[in-house]
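I open this notebook to record what I looked up, entry by entry. The sequence and the structure come first.

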Amino acid sequence: MKMERDFHMMKGDNEFSYAKNSRVQKRAVLAAKAIVEKAVREVCIDLHPQSMVIADLGCSFGANTLLFISEVITTICEDHNNTNKESPMEIQFFLNDLPSNDFNHIFQSLEQLEQSTTQDCACKGLQPPLHFVAGLPGSFYTRLFPYNSVHLFHSSMSIMWLSQVPEHLDGSMNEGNIHIGVTTPPSVAKLYQNQFEKDFSRFLQMRCMEIVPGGRMVLTVAGRKSKEVFNAGGTTMIFELLSQGLRTLVAESRIAKEKLDSFNIPLYCPSADELKQLVQQCELLDISDIQLFEIDGNPMDDSEPAGTSVTQTAGQSMSASLRAAMESLISSHFGKCILEELFAVFACNFTSYIESDIEKSGITVITLYLQAKR
Ligand SMILES: C[S@@+](CC[C@H](N)C(=O)[O-])C[C@H]1O[C@@H](n2cnc3c(N)ncnc32)[C@H](O)[C@@H]1O
């Protein structure tokens, strides 16, 4: 599988789509809201651009993409209308993702966004700033913008996705695991770490060329609290349960063991220290803030009623969330025919896990607030 060509969240609006299964990611956007607002205000005050250029990298589609845009519009609407009525600022949003992202879904939801932002601002007696939204396909591990042209970069729950399965991780080196699992050899964990270092350094290098001096970046990533690479809390647990599901299918001869042994998820959850170190190596960025949040990993809506089948519903809900993010990876490696059974087994495994006495961990999310040196 080639990430740049094939990887995408599940398109459209059906029950397995990312649009319907991205509540956990929404919690990450909400956790970083105050930092995003601060960054927008600081760009306005320090750089006072006539046209503010903002890029959301790994935007996907659905409510979370719109939530970020409306947070920015509301913040500027409140601040800018108050401070500078003569020359209202305009905003250019660039929404970036890999080419197979469902960009049409975003474009079709823009009208709804217009209505809600106009209403939100009107309630406060204000007018939203004039804004333009464009889609930008391409990998954020490449150059995406002209030199010195972006005031604010944002990315949420995207840059833990690597550009590829770690280099040199071949064959059955990670036998029985699909990520950094319990029996993963330390040498394999190191390959994951190396790939993240290489990718994230490249990401920062590219952005440093594109950002204006004094510009800001707010980068939220699924990470880990522990220094220990084998312990990324809830994320490690979810991949372990998915791996168990695949092993069940191997036991039933639905997939070959070699096929499982050669499947490795191209994702790495960094610690805050690892992120800090890589930013410092870049030398062109200052860290204004770094915050860790522990978000609830249960994808069920808080309003969903509790009942006897609540753990089963939670299992199905987690299964649909994971499928929305992972289906393209899994089907390109194993084929589409295992999807239904695999995610049904996963849902049962997840239900048993939440019914068990095992201590549950949430998903650790790290938000980096960076400023480009002048
Ligand atoms: C879990 S989604 C998060 C989306 C959205 N920001 C949110 O908060 O809901 C991760 C997104 O990152 C995108 N992505 C992964 N690698 C990428 C890359 N190299 N360049 C651009 N986008 C990438 C995926 O296609 C996916 O849409």
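In which hand does α7 pass α11? I noted a right-handed crossing of α7 past α11. I record at the outset that the model is predicted.

**Entry: helix α7 and its partner**

I looked up the extent of α7 and found that this helix covers residues 233-251, 19 residues in all. From the first C-alpha to the last, α7 reaches 27 Å, close to the 27 Å expected at 1.5 Å a residue. I then turned to α11, which spans residues 339-355. The axes of α7 and α11 come within 9 Å and cross at roughly 130°. On the α7 side they include M237, I238, L241, L242 and G245. On the α11 side they include L342, F343, V345, F346 and Y353.

**Entry: what follows α7**

I checked the residue S253, which comes after α7 and has a positive phi, near 60°. S253 is found in the loop between α7 and α8. I recorded a relative accessibility of 65% for S253, which therefore counts as exposed, the cut-off being over 50%. Most residues other than glycine have a negative phi. N148 lies in the loop between β3 (131-137) and β4. At 36% relative accessibility, N148 counts as partly exposed.

**Entry: helices α6 and α9**

At what angle do α6 and α9 pack? I found an angle of about 45°, with the axes 10 Å apart. That makes α6 oblique to α9. I also noted that α6 passes α9 in a right-handed crossing. Among the residues that meet here are F196, F200 and L204 in α6, and L275, L278 and V279 in α9. Each helix also brings a cysteine to the contact, C208 in α6 and C282 in α9.

**Entry: salt bridges**

How many salt bridges does the structure hold? I recorded 20. Side chains of opposite charge can pair when their charged atoms come close.

In one of them, the side chains of E42 and R216 meet at 3.2 Å, N to O. E42 lies in helix α3 (residues 33-47) and R216 in strand β5 (residues 211-222), so this pair ties together parts that are 174 residues apart in sequence. I looked up the exposure of both partners. E42 is partly exposed, with a relative accessible area of 23%, whereas R216 counts as buried at 2%. I also found that K38, E42, D46 and R216 are linked in a network of salt bridges.

In another pair, K198 meets E167 at 2.9 Å, N to O. This pair links distant parts of the chain, 31 residues apart: K198 is in helix α6 (residues 186-210), and E167 is in the loop between β4 (150-156) and α6. K198 is partly exposed at 47%, and E167 counts as partly exposed at 34%.

I then took up D261 and K257, whose closest N and O atoms are 2.6 Å apart. D261 and K257 are four residues apart in helix α8 (residues 257-261), so about one helical turn separates them. D261 is buried at 6% relative accessible area, while K257 counts as partly exposed at 37%.

**Entry: two glutamates**

Is E327 buried or exposed? I found E327 in helix α10 (residues 310-334), and E327 is buried, with a relative accessible area of 8%. Leaving aside neighbours within four places in sequence, E327 is in contact with M10, L322, K336 and L339.

I placed E294 in strand β6 (residues 285-295). E294 is partly exposed, with a relative accessible area of 41%. Its C-alpha atom is separated by 9.9 Å from that of A222, which is 72 residues apart from E294 along the chain. Again leaving aside neighbours within four places in sequence, I recorded contacts of E294 with K225, S361, G362, I363 and T364.

Conventions. Residues are numbered from 1 along each chain as its sequence is written. This is a predicted model: local features need pLDDT of at least 70, side-chain atom pairs count only at pLDDT 80 or more; totals for chains, interfaces and linings use all residues. Side-chain values use heavy atoms; hydrogens and water are left out. The expected span of a helix is 1.5 Å times one less than its number of residues. A salt bridge is a side-chain nitrogen of Lys or Arg within 4 Å of a carboxyl oxygen of Asp or Glu. Buried means under 20% relative accessible area, exposed over 50%, partly exposed in between (1.4 Å probe, protein chains only). Axes are lines fitted to C-alpha atoms, for helices over the stretch in contact, and angles run from 0 to 180 degrees between N-to-C directions. A crossing is left-handed if the near helix is turned anticlockwise from the far one by less than a right angle, and right-handed if clockwise. Contact means heavy atoms within 4.5 Å. Angles under 35 degrees count as roughly parallel, over 145 as roughly antiparallel, 65 to 115 as roughly perpendicular and the rest as oblique.
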